[in-house]
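Here is a short report for a reader new to this structure. It goes from the fold as a whole to single residues.

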Amino acid sequence: MTRGRLIASTVVAILLVASSEILQAALERTAAVRTEEAACSSVKRIVAAKGHFPISDIAFCDFVVPKYRPKGYFVFALHSTRVCDGICSTNMGWFALQKTTGRVFEWDVAEDRLGRPIQDRP
């Protein structure tokens with residue numbers, strides 16, 4: 001095999017591996033989410049991975065009722081397992097999950113609208 005063919009073969013192999021990884025990532029991001037339970041699990045996994053802490057540190061998801069959220073989204077707060085003496089909060093942030101794609105966004109509580117997207121990989 002000539003040096004040129006070896007280089008061409010290597011480039012083709014690299015491109016095949018890269019395209020399969022891109023396709024897999026795209027498929028993972030386009031998974032429809034149909035239930036609040038699935039939305040909660042998905043966002044817990046992503047937030048815990050990005051924050052480098054165990055999912056068990058997240059106690060529950062507190063969902064906004066459908067009447068008050070944009071069509072096609074689950075909107076909710078994550079709450080921690082933190083135990084408090086006196087006044088404190090267990091709120092870990094507000095999030096929106098797009099039902100058709102599974103994409104996760106911050107939820108801007110002050111403006112009552114979608115915030116920036118959250119990457120699903122830390």
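Against which strands do the buried residues of α2 pack? They pack against β1 (58–63), β2, β3 (91–98), β4 and β5. The sections below build up the picture around that helix.

## Model and confidence

This is a predicted model, in which local features need pLDDT of at least 70 and side-chain atom pairs count only at pLDDT 80 or more, while totals for chains, interfaces and linings use all residues. Residues are numbered from 1 along each chain as its sequence is written, and side-chain values use heavy atoms, with hydrogens and water left out.

The pLDDT is the predictor's confidence in each residue, from 0 to 100. The protein averages 83. A score of at least 70 is reached by 74% of the residues. Among the elements, strand β2 (residues 73–80) has the highest mean pLDDT, 98. Helix α1 (residues 3–29) has the lowest, 49. Over residues 15–28 the pLDDT is below 50. Beyond near neighbours in sequence, that stretch has two contacts in the model. A contact means heavy atoms within 4.5 Å.

## Overall fold

The protein has two helices and five strands. Helices (H or I, at least four residues) and strands (E, at least two) are DSSP runs, numbered from the N terminus. Along the sequence the pattern reads α-α-β-β-β-β-β.

Of the 122 residues, 29% are buried. Buried means under 20% relative accessible area, exposed means over 50%, and partly exposed lies in between (1.4 Å probe, protein chains only). Take the contacts between residues at least 6 apart in sequence: 40% of them join residues at least 24 apart.

## Helix α2

Helix α2 covers residues 36–51, 16 residues in total. From its first C-alpha to its last it reaches 22 Å. That is close to the 22 Å expected at 1.5 Å a residue; the expected span is 1.5 Å times one less than the number of residues. Its buried residues are A39, C40, S42, V43, K44, I46, V47 and A48. An α-helix has 3.6 residues a turn, so residues three or four places apart point the same way.

K44 lies in this helix. How far from K44 is the nearest side chain of opposite charge? That side chain, E37, is 9.3 Å away. For charge, Lys and Arg count as positive and Asp and Glu as negative; His and the chain ends are not counted. K44 is buried yet has no salt bridge. Leaving aside neighbours within four places in sequence, K44 is in contact with I55, I58, A59, F60, C61 and L78.

Strand β4 (residues 104–108) and strand β5 (residues 113–118) run antiparallel. Four bridges join them. Two strands pair if DSSP finds at least two bridges between them. The two strands form a hairpin with four residues between them. D108 stands opposite R113 in β5.

## Salt bridges

How many salt bridges does the structure hold? There are three. A salt bridge is a side-chain nitrogen of Lys or Arg within 4 Å of a carboxyl oxygen of Asp or Glu. Side chains of opposite charge can pair when their charged atoms come close.

One of them joins R69 to E36, with the closest N and O atoms 3.3 Å apart. This pair links distant parts of the chain, 33 residues apart: R69 is in the loop between β1 and β2, E36 in helix α2. R69 is buried at 11% relative accessibility, whereas E36 is partly exposed at 33%.

E106 and R116 meet at 3.1 Å, N to O. E106 sits in strand β4 and R116 in strand β5, 10 residues apart. E106 is partly exposed, at 28%; R116 is exposed, at 57%. R113 and D108 also meet in a salt bridge, at 4.0 Å, N to O. R113 is partly exposed at 47%, and D108 is partly exposed at 23%.

## Positive phi values

Most residues other than glycine have a negative phi, and most peptide bonds are trans. H52 has a positive phi of about 60° although it is not a glycine. This residue follows α2 and lies in the loop between α2 and β1. H52 is exposed, with a relative accessible area of 68%.

D112 is not a glycine either, and its phi is positive, near 55°. D112 is found in the loop between β4 and β5, in the turn of the hairpin.
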